[in-house]
Structure formats: C-alpha cells, structure tokens
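Colleague: I would like to learn how to read the features of a protein model, one after another. Could we begin with how charged side chains pair up?

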Amino acid sequence: MLDILANLRDGALYAVTWTNILGSLLGYAIGVICGAVPGLMGVTGMALLLPFTFTMSPLFAIAAMMGCYKGGCYAGSITATLFNIPGTPEAAATVLDAYPLAQRGEQKRALELALWASVIGGTISNCLLIFTAPPLARVAVRIGPAETAGLVLFSLTAVIGLMGTSRLAIWKGFLSVIMGLMLASAGLDPILSTRRYAFSLTELDSGIPFVVAVIAMLAFTEILEQVNRTRELAVRREGERRRSLPYSWGQRLADVRLCWKDLIRSSLLGSFLGALPGIGAAPAAFVCYGEARRAAGDKTLFGKGDPRGIAAPESGNNAVAASSLIPLVTLGIPGSVAAAVLGGAFMVQGMIPGPMLMHDHPQVIYGLFVLFVLTDILGAFLVALPFIALVRTLFVNMNYNLLFPLVIVFCGIGVYTEEYSLFSIHLLVVLGTLGFVLTKLGFSVSALVLAFILGPVLERETRTALLMSNGSFGIFLTSPIACTLLVLSVLLFVWAIRQKIKAERGEKASLLLDPEE
Amino acid sequence: MLIRKDIVSLVLLALFAAVNGWVLIPSQVIAEGSDATYPRLLNGALVVLLVLYALEILRCRKAGGRTSGVWRLTFSELGRIAGLLTGIWIWGTALEACGFLLPTALFLLLTASLYGERSPWKLLVLAGASPLALYAVFTLLGSALPRGPLEQFFSLLPVR
C-alpha cells in the first residue's frame, strides 16, 4: 500500500504539468464531441486521434486518448437525453429514463445527472485501477502462455455470450470472432517468421496494420452506414425544440439523496464488469440499470424519467472505462476495444502493455493514473458543463453533410500517416467495405475487431504453450488457471445459450398473450 | 433489393471457407513455407460454425422464431455507397500524383454533394478551408502529408 502511495506521489510530480492536463482535456473535448455526434463514438475519436500521437510525448498522447474515451463515454448520453438517439452504444440504457425526463422539460437535470454520475463512476473506477493493478501485475508476472491463452479465449467467449438477444446472434458472434482471428493471421507467422496471406504484397508482410483495421472497422464503417441516414438525423433533430426547466440546488441535493446508493453500487459493479476482459461498457450499463430497478422500492417511475435510471447506467458505463485497463496494464490483454486502441498507443510510445509495464515505466503509469482522476473531474467542470450549455444550439444546427466527408478525410490521413503509405488508404476502403457489409448482415464488428487484436496473442501463446509441452494439449488441463478459464468459457457459453432460449420463450409467450404487439 | 441476411451470410462465408481451404491455404500459406496448422484450424472452426449456424437457421424457421431479417438496399443507396468508395479509392491514388491539397478539396466537394449538401457557399468553404487547415495542423505536428505542386508552392513561402 505504502509503495503504491509513494509511486503515486512520484507519478503526480512527474505527470501533472499544464501541458499534460491540457492534453487530457483536449482529448476529453474531442471525446465529448465524438460521443455526442450519433454515428461517431469515443473509440472512433481515439482511433482518429491515434496517428496524431506518433510525435507526442507518451504522457500527453495516452492522457489525450484516455480523455477522449472518457469524454465519449459520458457524451453518448447527450443525444440520448435530447433526441432519444444514443450517441454511443453505452448510452442505450440511459435513453430509457433520460429522454422521458427531458420530455418533461427537465433536460438540464437529466444532462447534469448523467454528467455527475459519470464523474462518480469514473473516479471510483480510477481508484480501483490504482489500488488493484499493482498487486495484480505482480501476480501476472508468474502467468505462463497456457494461462494467457485461456484468458484470451475466455474474454472472446464473454464478448460472444453477451451479444444480441437471440441464439442466432451468438452464432454470428462466433463467426465474427473467427473472421477477426483470420484477418489477424495475415502477415508473418509469429513463430517461423514466414509469410501468410500476403498476396505478394510487401505492404502486407507485417500483417494488416492495427491502426488501419481499427479506423476502417470502427470509424469508416460507421460513416458508410450514415451515408443514407443524414436526412433522417436532421428530421429528428428538427422536432426537438422544447422549453427547458431550471435545475435548482435543492433538486440537486434531493437527487443525491435519492441516487447515492445506486451510484456507488453501479460504480462498483461497472468496475468489476469492466475488469473482466471482453464485457465492455454497453452490457455493463444495462446490468447496472437492471440492478437499480431491482433494488428500487418504487419501480413505477422507471422508464418514465426516474433519476436512478440515469444515474445507474451512466456511473456503470463510465466505471468500465478505467477498470477495462486493469487486464491491459497487468496482463497485456485489452479488456475492451477502447483498451485495445489505448494498448496501440502504448506500443506506439515504445511501452509494451503487460505485467512488466508497471515495473519498467512506473513514473509514466502512475502519472497516467493521476491524470485519469484529474481528467474526470476537470473534464466535467471545464469541458462537459460548458458543452451542455451550448449543446442544444450546436446540435440543432449541426450539418452532417459537411461533417461526415471531413471524418472520411480524417480516416484517410489517419491511416496514411501511420506508415506514410497510400496502400493504407486502399486497405481502408477494402476493410471498411468488409466491415459495412458484415454490419449490414448482422455480424458484430466490435467482436471482430477484438478478435483481430487478441488473435496474435492467442496464436503466439497457444503455440508457445504447445512447444513447451512438446505438442501436448494436456498443458491446458494441467495448469489450474488455464483449466479453470477453459471450463468457465464453456460454462459461459452454455449459460448464454440458455439465457437466449429463455428470452425467446418469454417473447413468444408475451406475443401469445398480446397478439397485437 | 431485399437481401436475406442469414442465407447471404451463410452462402458468402461457405464460399470463402471453400476458397480459403482449397486455394488460399495451399497458395498463400503452404507455398510460402509457413505452417498451415493454425490457418487450417481456423478454417475448420469456420466450417463447423457454419454448419451449426445453418442448423440454427433451420430450427428458427421451423419454429417460426426470429431470424436476422432482411437488408433492404435500394439502388440509389447502393449507388451512393459505391460512389463514395470509388471516390475514396481515386482520392487515395490521386494523393500520390497531385499531393494532398488539390485532391482533398475535390474529394470534399464531391462527397459533401453526395451526402446531400446543396449550398455552394458551404461546399466552397469546406473544400477550400479544411484541406488547408488540416495541412497546416499536420505540418505543425511534424507529420508529412503527400506533396504535390501546390504544397511545393506553399513550401517556397517565407512563412512556415
């Protein structure tokens, strides 16, 4: 404990400079804008920001990226509140109560509730990251290739298990993961260093570049999706001109008294779910919403503008942001797509995520932890609050016809500057088209991207484990951790299938009871 | 045009698995001297999952349950997307020959029109100002963007 505090002090002295704070606030502002614009997300902002970080100092770059993610996590609730359009998937649960509250004229209350819940969730999660990551990293040093492979497999199963509402969605999730692993296998063989799927193109010798894949699949796919939706977005915004009631200090206090238990419970629950690789913020937000509803004495207001229905999912989804870094900084396994992009930023800066990260770069890592805490608090006061004041005018007047072409140019130069190769722009078109078609066919591009990122780790660790055991798969069963993770993966899969069957039966029953639905 | 998501996914992935197994793995993996075990394992997993997926579709249809539905794609939507993708491909190619500024300005002009922008003033401001602003930001950050005649002219100016 004392060494953590000493490291934190050193990290703070090293990292807390005006430049780094400015970097994190700048990232937060970009994240708020990306999160608030339907069709863009915090992680899209991170992907677009990544190429800019090549020439920046590690602290400035990573603080800006994390700020972007945190800003995006909160800002998804802005359009969810004002226009009933979740700016990000994380805000899908927030819509349920934030929009009805805004419809009653209490937009300011809904937006501020979401903001302060985000700050509380983020801060609690930051503290957990600070105090749990160092001991976990010490344990992680002793984890071998079989255990790491088991953990990657578990995280991929977790992603699939929480996907969709039907059994078909689970199979599609599996297929998405296999496609991601296949894409990741292009390039050099990790053990033999011979070429695979390079099609005689020297540009593909080192595989599909991470930045190109992330920008193509996450940002570019979204832009293609929006080609035919800009008019629809404009029409929906036009109808949203309503009066706004003030939010008094008395009401603020009453809301704190009403929501404090949900805030703490959801922050802890979100932090726990975020630390499990693969779960992500959107499912965590729904779990927190469900828990708040379950724990509430009077449930009648849920879905009609209950403040607890905003506080719980918002604190939960923001708690995921920091805790999803726990597997990244301790094991080198990104817990979410955003953590994977952040992992890319670490690697760009010459820091390899994994158990040795905290040992090799303690000042930078603890400095970043301090900056994360500051970002949540300062970002809320200096960026999000002024943004809330402007947001209605800004979004009613936003011109998507001009915004999306600019984002395409950002995507293009983003991938170009990674290797200064125009081949990357052509690869962006190919992968973006693939992502678009897969999205339209109902596959999960997020699962595909996560598998693409985790694929090389899974292959390298599995093959290393097999080399260690002279080709015997028994190594996965003799290691207690690896064996437990494999069993958990199977159990998780069976549980997910059972849940979907139950949900389908419930749906059928409700249709029989109410055929008009 | 109505595209049945499940059937199209199944057919496309089955085709890919066949091409991968019979053409790509022998020519792009084994011929290059790489170990084919991992690619074959992935292809095998894809085939097994496709069989299970097909069985699930059949079960859903028999039970009258929920399938993934259809993707309604109109020819105008298809045209817009194809136009956009072609535009980006041409833009990417033109960057090499003409530098960043000129192709980007033209690309923005065309893309914003494709997205439905009709105001000539807004189009001109977008196409004129944003490539210059982006070029300035990247130059300040020390990241070199593709250079053409216009960029060379700017580099001759005394102000950097």
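Modeller: A salt bridge is a side-chain nitrogen of Lys or Arg within 4 Å of a carboxyl oxygen of Asp or Glu, and here the side chains of A:Arg109 and A:Glu106 form such a pair, with 2.9 Å from N to O. This is a predicted model, in which local features need pLDDT of at least 70 and side-chain atom pairs count only at pLDDT 80 or more, while totals for chains, interfaces and linings use all residues. Residues are numbered from 1 along each chain as its sequence is written, chains are lettered from A and ligands numbered from 1 in the order in which they are written, and side-chain values use heavy atoms, with hydrogens and water left out.

Colleague: Is A:Arg109 buried or exposed?

Modeller: Buried means under 20% relative accessible area, exposed over 50%, and partly exposed in between, with a 1.4 Å probe and protein chains only. A:Arg109 has 12% relative accessibility and therefore counts as buried, and A:Glu106, at 13%, counts as buried too.

Colleague: Which residue forms a salt bridge with A:Arg104?

Modeller: The partner of A:Arg104 is A:Glu106, and their closest N and O atoms are 3.4 Å apart. A:Arg104 counts as partly exposed because its relative accessibility is 39%.

Colleague: Where do A:Arg195 and A:Asp205 lie in the chain?

Modeller: Their side chains meet in a salt bridge at 2.5 Å, N to O. A:Arg195 is in strand β2 (residues 195-196) of chain A, whereas A:Asp205, ten residues apart from it, is in the loop between β2 and α9 (210-226); helices (H or I, at least four residues) and strands (E, at least two) are DSSP runs, numbered from the N terminus. Salt bridges that share partners also join A:Arg104, A:Glu106, A:Arg109 and A:Asp255 into one network.

Colleague: How many salt bridges are there over all chains?

Modeller: A search of the whole structure finds 17.

Colleague: How many helices and strands does chain A have?

Modeller: Chain A contains 22 helices and two strands, and buried residues make up 62% of its 517 residues.
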